[in-house]
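Dear colleague,

Please find below the structure that I am handing over to you.

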Amino acid sequence: MADETLLDILKRRGISRRSFLQFCAATTSLLALPPSMAAVVAESLGKVRRPAVIWLSFQECTGCTESLTRAHSPSIESLIFDAISLDYHHTLQAASGHAAEEAREQSMKADWGNYLLIVDGSIPLKDGGVYSTIAGISNLQMLEEAAAGAAAIVAVGTCAAFGGLPHARPNPTGAVAVSDIIKDKPIINVPGCPPVPAVMVGVLAHYLTFGSLPDLDALGRPRAFYGESIHDRCYRRPFYDQGKFAKTFDDAGARDGWCLFELGCKGPTTHNACATTKWNGGTSWPVQSGHGCIGCSEPDFWDAGGFYKALSTPVDSVTGAATAALAVGAAAGVAIGIANRQRKARARAEHQTVTIADLEK
Amino acid sequence: MSDMDLLLWARGPGLGMAVAIFLFGMTLRLFEIYSLGRKRDLSTPRSNSPGSGWRTIYARSLPHADTWRRSALTIIAGFVFHIGLFIVLLFLLPHIELIRALTGLSWPALPTPLIDLVTVITLISLIVILVHRLMDPVKRFLSGFGDYLVWTVTFLPLLTGYMAYHHLLLDYTLLLALHILSAELLLVVFPFTKLTHTFTLFIARWYNGDIAARKGVAS
């Protein structure tokens, strides 16, 4: 069993070679690789021998795991997870307590330097990291120990990638992202709240096929999935260009599928693959269901001024500052005005009349 | 600092500071100017011409035949860029949303491709104006640092807005942040440069028209 390849496992699960090749072709195209690479992907992926994966869950909601595993019907995506040796995962493993921690330590020792570390959730640093511990070990300590022996780290979800919800103001636990702590290991950020399952699988497939990280953007996200904005790929984009906007969620414009910019859509500044890969097996995605993009794959999306406020509007109210500025400006203006009048009055008072007689002196 | 951090700063504290400096500066300037006052005119008006001030506001917007002959380029480019600037500023939807968030007022937007076209025309007319300012000996002699600063802070919001819409050179998030920051720079510089003409121009014209009427040359 240990020598079984991914293709063997998939075959045993009733997935035909044809389906597998179709999946490889789709993943190759998702990764924006040339079509000729599909064969390479299929060959490499088929030969993969259960790489060890340790999945650490820190300050998170398990939404990322739910997104990646709860497909309505068993898909190749979910079977990929069966094909990797997921040696430690809170939600999915049978073991608990000390047995679970032992399994993690054993796996780390056995595959030191070679295992893939997947992290979801942010890491609290405030007050010695007491806000989140597992078996009495702080998240910080567990991450540092596990990262030391990892070949690469995948930060799944916006919490692990950028701090996410726990990092939102006022950030009571001092939550930070994986990349804020680990500096000496390759890190792939797969943000999203939760990330698109196909994106997660694509990243894994790329790593398994080539043994290297995909091309990343400045925020450590794979360009293949995060290279373009939701707005640029949105099927409602023509309405934006025509100036047709839904004003409320139930007006005629909303029913006709007009642009949701006025209702707070953050599509223009959000980089993700939702508009192209969609969700739930290609069924739909947030904008298609009538709700604007909330920008969940971008840093600090919780603090971006409210999900229902248009992107061009202020994050904070400026009324206070504006009122104070008007009052101070008016006071300063009146003071200068009074000073000017006094100067004029003084000049008038000091004015000396000159007569011809004075000049002839 | 990520692009998103910069954008959130521009939409948050940056905007607050820019609006505060703009309002502080403009209130101060207007109070300062109008509290200077004028000496009471004790003479009898030569012509009784009510409304001369208002007519002058309109009449001076039309080029005089002689001025037109000598400075057609300045007049055309000036009108084109001013009108273009106001169309872009007041009729692009994201701008209307900003005004609505700040004041509660809103009106229908123009289609984005039309705004795009107007932006290009406005940018070209601003470049023409700058080149003419540099080529024309009289204009160049009359121009100082303040004039070039005013041109720059007017040009930048249009340029960055155009670049953001077309995703030129940089990522959209960064360009949007730079666009908002450039508009904030305009607001900060506004009260302390010749940009104050936006508020003083028509009041000054009204005064000139009114005083001229009292002296017997009503428009």
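In strand 3 of chain A, both faces are covered: Y115(A), L117(A) and V119(A) on one side, and L116(A), I118(A) and D120(A) on the other, are all buried. A residue is buried if 20 or more other C-beta atoms, placed from the backbone, lie within 10 Å of its own. Strands (E, at least two residues) and helices (H or I, at least four) are DSSP runs, numbered from the N terminus.

This is a predicted model, in which local features need pLDDT of at least 70, side-chain atom pairs count only at pLDDT 80 or more, and totals for chains, interfaces and linings use all residues. Residues are numbered from 1 along each chain as its sequence is written, while chains are lettered from A and ligands numbered from 1 in the order in which they are written.

Strand 3 of chain A pairs in the parallel sense with strand 1 (residues 52–57) over five bridges, and L117(A) is the bridge partner of I54(A). Strand 3 of chain A also pairs in the parallel sense with strand 7 (residues 150–156), over six bridges; here D120(A) has V156(A) as its bridge partner. Pairing requires that DSSP find at least two bridges between the strands.

Between the chains, 39 residues of chain A are in contact with 36 residues of chain B, contact meaning C-beta atoms, placed from the backbone, within 7 Å. Helix 17 of chain A gives the most to the side of chain A that touches chain B, with 14 residues.

Note on methods: Two residues are in contact if their C-beta atoms, placed from the backbone, lie within 7 Å. A residue is buried if 20 or more other C-beta atoms lie within 10 Å of its own, exposed if 12 or fewer, and partly exposed in between; C-beta atoms are placed from the backbone.
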